[in-house]
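Reader: Hi, can we go through this one together? I'm new to this, so please keep it short.

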Amino acid sequence: MERLQATFDKLLRETTSKFHRYMYERIDWNARIVGLLGPRGIGKTTMVLQYIREKLPRKETLYVVAEDLYFSTHTLIDLADAFARTGGKHLFIDEIHKYKGWSRELKLIYDYHSELHVFFTGSSILDISKGISDLSRRVLTYEMQGLSYREYLSLFHQIELPVYTLQQILNQKVEVPQGFLPLQHFSDYLKRGYYPFRDDNLEQYIMNVINATLEVDIAQYADLTPATIRKLKRLLAIIAQAAPFKPNFTQIGGQLEVSRNNIADLCTWLEKAGLVGQLRDSTGGIQGLGKLDKVYLDNSTLIYVLGNENTEIGTIRETFFFNQMRVGHNITSSPVSDFLIAEKYTFEVGGKKKKQKQIQDVSQGYVVKDDIETGYGNIIPLWTFGLTY
């Protein structure tokens, strides 16, 4: 326990509070048990440590990582018992997906220690509902993704812009501050701005994130064999070279020597882990239930790291729009254009020369154009969709 406390103190000393992720203000930190899920490398740990440093009494708080050597001889229950005996009230467990049987022990902690508030982070591959059945009713769960364009501007360029709702954007309510050039940093964001990490070794950092996600997070949680992980890597490479594409699972299955149904499962694991995004149609009523239409890499930064040099700018634009809009919106494919949001608004995404042809007969259709600073009528600048969180 002393070593855990010493490690925790060191992490707190190294944590800065100059910038908060969008989820910081959205979480109900006072709930009995809270889970924060999301892909690797997007800042979950930093945000948790910021909250602890800024809001909680140190003597009543403990932060641990679930893969710590402490858990080679102790359980989560052991930790909670020992912490509670010393007057502990706030227990934070990072990367809980690396602890086998986490859901059963969290339920017991919840039942045995009413004085404890438990907060855990985990990979987005975790499915809380597949844990102990009645744990899911106790956990307040949030999902976080990487930086929006608005957050990127704040973190790396100290440019502060407000959050705008989708309706405000469509109604041309976005105000461009005096002296701000909306497109000055946009291309840099698309290339390297999704992850809150800025270094000359960004590409290697992202490759490390990808490999750890495939070889550790997905492999451990889904109990996959090394052979299956290799096929998962090959599938990601296929998607990176062709995205977005209308998947032919039979053809891809032949390339990877796996069944058609298994390809669908592998794509789902990649999506849950934050490496790809699957765009479905609206036949199922909500996103995720309709027929799969296209598969994208999850974000534009991944395109520049994994995609080939000839990746079309149209793919990057669509990926950005899909990625940013899925936070808080039900986004599906459009039967006449690129995207449909809330089964109501139709969007055609392109460059500044994009025409109205695809949406000319649509009542609530919008042309989303890159390379323009301000819009008019139903023409909306692409960059403004990065201001919604």
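Author: Start with a term. A crossing is left-handed if the near helix is turned anticlockwise from the far one by less than a right angle, and right-handed if clockwise. Helices (H or I, at least four residues) and strands (E, at least two) are DSSP runs, numbered from the N terminus. The model is predicted: local features need pLDDT of at least 70, side-chain atom pairs count only at pLDDT 80 or more, and totals for chains, interfaces and linings use all residues. Residues are numbered from 1 along each chain as its sequence is written, and side-chain values use heavy atoms, with hydrogens and water left out.

Reader: Which hand is the crossing of α9 and α10?

Author: Right-handed. α9 covers residues 226-242 and α10 covers residues 249-256.

Reader: Which residues of α9 and α10 meet there?

Author: Lys 231, Arg 234, Leu 235 and Ile 238 come from α9. Ile 252, Gln 255 and Leu 256 come from α10. Contact means heavy atoms within 4.5 Å.

Reader: New topic. How many helices and strands are in the chain?

Author: The protein chain has 13 helices and twelve strands.

Reader: And how much of the chain is buried?

Author: Buried residues are 52% of the 389. Buried means under 20% relative accessible area, exposed over 50%, partly exposed in between (1.4 Å probe, protein chains only).

Reader: What does the C-alpha trace span?

Author: About 70 × 55 × 40 Å along the principal axes.

How values were computed
Axes are lines fitted to C-alpha atoms, for helices over the stretch in contact, and angles run from 0 to 180 degrees between N-to-C directions.
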